[in-house]
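Please keep the sequence and the structure in view while reading.

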Amino acid sequence: MALAEQQAEDMVMKEVKNFIGGEYRGSSAERSFDNIDPCTGQLIGKVYEAGREDVDAAVSAARDALDGPWGRMTDADRSELLYAIADGVDKRFDEFLEAECLDTGKPHSIASHIDIPRGAANFRIFADAVKNVSTEAFRMPTPDGNGAFNIAVRKPKGVIGVISPWNLPLLLMTWKVGPALACGNTVVVKPSEETPTTTALLGEVMNEVGVPTGVYNVVNGFGPDSAGAFLTEHPGVDAITFTGETRTGEIITQAAARGLRDVSMECGGKNPALVFADCDMDKAIEGTLRSVFANCGQVCLGTERVYVERPIFDEFVSRLAAEAGKFTLGLPQEAGTNMGPVVSHEHQQKVLSYYALAVEEGAEVVLGGGVPDMPAELAGGAWVEPTIWTGLADDARVVREEIFGPCCHIRPFDTEEEAIALANDTPYGLAAAVWTENMSRALRVSPQIDCGICWVNSWFLRDLRTAFGGSKESGIGREGGVHSLEFYTELQNVCIKI
Ligand code: NAD
């Protein structure tokens with residue numbers, strides 16, 4: 001077969017369609033956009049962009065499904081189906097892995113340990129939660145002496161609009177879809193335009209395991225004047241759960257204000273790590289290496305500001321730089337690759353603009369700072385070097401703004417109070433890491449940091465039953481365990497007079 005024919009065939013294979021009412025559909029607006037491999041810059045497929053009509057159809061399918069067999073299922077039946085979805089993802093693990101790595105460029109070594117298994121786990125954990133979490137009941141006195149009982153009943157909110165980002169596409173999407181379905185809602189998902197494939201593929205699993213049609217719908221496209229806005233502005237959507245940038249979260253919250261619809265917002269961060277002189281240096285280096293550079297720095301919980309107590313500052317900087325200099329950048333499937341490109345050329349340009357700004361703002365570049373030399377076949381990819389700076393002022397934009405790349409600034413501090421003040425000197429409040437072997441200090445410092453999750457001597461260790469979310473400009477609300485059930489249900493009080 002000629003190369004052109006082969007490519008044409010591959011293109012057909014990699015079409016990503018909308019998934020509405022259990023069927024794959026093109027675009028009513030007859031619009032599509034390119035899916036680009038961030039490793040090479042080459043076209044890998046075509047994505048059908050949902051028009052307003054498609055979004056209307058998806059919301060209608062989701063509404064209708066609430067009144068169908070799905071709406072009559074018991075918690076136990078739904079939980080069983082959620083387990084079947086998770087098993088269905090496991091069964092097609094390699095396809096999900098391949099698709100996720102092609103869309104994002106991330107190494108198989110990361111996606112096979114984090115993205116895909118945790119994507120499946122999100123269905124199991126919430127299937128269990130919905131069966132095991134109780135609601136409240138109060139007995140109250142009444143003037144006639146007979147009393148009354150109050151019983152809380154959880155009910156699904158209805159149709160949930162899910163807007164997800166590109167950094168952990170399957171994992172962050174199922175983190176919302178898992179609990180939404182466990183609670184009996186139906187969903188319309190708008191994945192990131194950069195990474196639509198695994199969200200579409202999940203539709204096949206839904207059909208395979210017998211999830212009723214219309215329970216899970218997918219519309220592809222962008223934000224403004226596209227599927228994202230059409231979905232979040234849609235009056236048929238009862239609540240919206242979003243993960244992405246703070247500025248986007250503000251726009252979506254405004255859209256949700258019409259009709260007073262509930263929102264869950266998981267947004268950006270500029271997360272600090274505090275490294276005290278009494279830390280275990282090996283652990284602190286290993287943990288900070290992961291928290292700064294994992295997934296090429298594209299993790300919302302990742303560290304971009306590192307504060308190190310002065311006596312160990314020089315040693316910490318040189319050891320972290322030595323380790324960060326050892327990353328192997330390459331194709332996802334190559335053994336040994338432990339860093340991919342950033343997700344797109346657009347994001348590469350954003351990260352590189354901060355690399356240039358750091359120099360303008362007076363940083364000392366300890367490591368990296370540019371585009372790595374890559375072999376010819378990868379030269380068109382969105383590669384950036386792992387980068388470390390020191391010497392910036394606390395009000396430098398590079399220290400204040402979220403970059404979302406493989407980079408950090410390291411600054412010395414002298415006292416615990418100063419370290420806490422520096423950590424909190426940000427409009428964001430998502431995550432922090434504290435490195436110390438002194439547990440009194442750990443217990444004293446961590447509650448003083450304004451953030452949703454504070455790790456001590458670890459990073460990214462997640463028990464999915466715990467509350468997850470951000471304070472300040474990092475978000476609204478908490479998801480995880482019972483907190484997800486609170487968002488994805490309406491709690492009704494039934495008061496029964498005896
Ligand atoms: P983004 O805000 O650009 O996009 C997120 C999603 O919102 C995409 O699906 C996008 O198409 C959609 N969108 C954009 N504009 C919209 C609009 N006007 N209406 C409706 N939808 C719209 O974010 P991103 O670049 O995909 O992701 C990176 C960001 O996500 C970073 O800021 C990161 O910190 C944040 N993030 C936060 C968490 C968390 O849990 N707090 C997790 C992962 C990522």
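Ala, Val, Leu, Ile, Met, Phe, Trp, Tyr, Cys and Pro count as nonpolar, Asp, Glu, Lys and Arg as charged, and the others, Gly among them, as polar. By these classes, the shell around the ligand holds 16 nonpolar, 10 polar and five charged residues. The model is predicted, so that local features need pLDDT of at least 70 and side-chain atom pairs count only at pLDDT 80 or more, while totals for chains, interfaces and linings use all residues. Residues are numbered from 1 along each chain as its sequence is written, and side-chain values use heavy atoms, with hydrogens and water left out.

The ligand is surrounded by 31 residues, a residue being near when one of its heavy atoms lies within 4 Å. Closest are Lys 190, Glu 193, Thr 248, Cys 267 and Glu 402. Domain 1 (3–267 + 475–497) and domain 2 (271–463) each give at least three residues to the shell, the domain bounds coming from an automatic or database domain assignment.

Several polar contacts (pairs of N or O atoms within 3.5 Å) can be followed. A polar side-chain atom of Lys 190 lies 2.6 Å from an oxygen atom of the ligand. For the side chain of Glu 193, an N or O atom is 2.7 Å from a ligand oxygen, and for that of Trp 166 the distance is 2.8 Å.

Definitions and conventions
A polar contact is a pair of N or O atoms within 3.5 Å; within protein, one must be able to donate a hydrogen and the other to accept it, and residues adjacent in sequence count only if both atoms are side-chain atoms.
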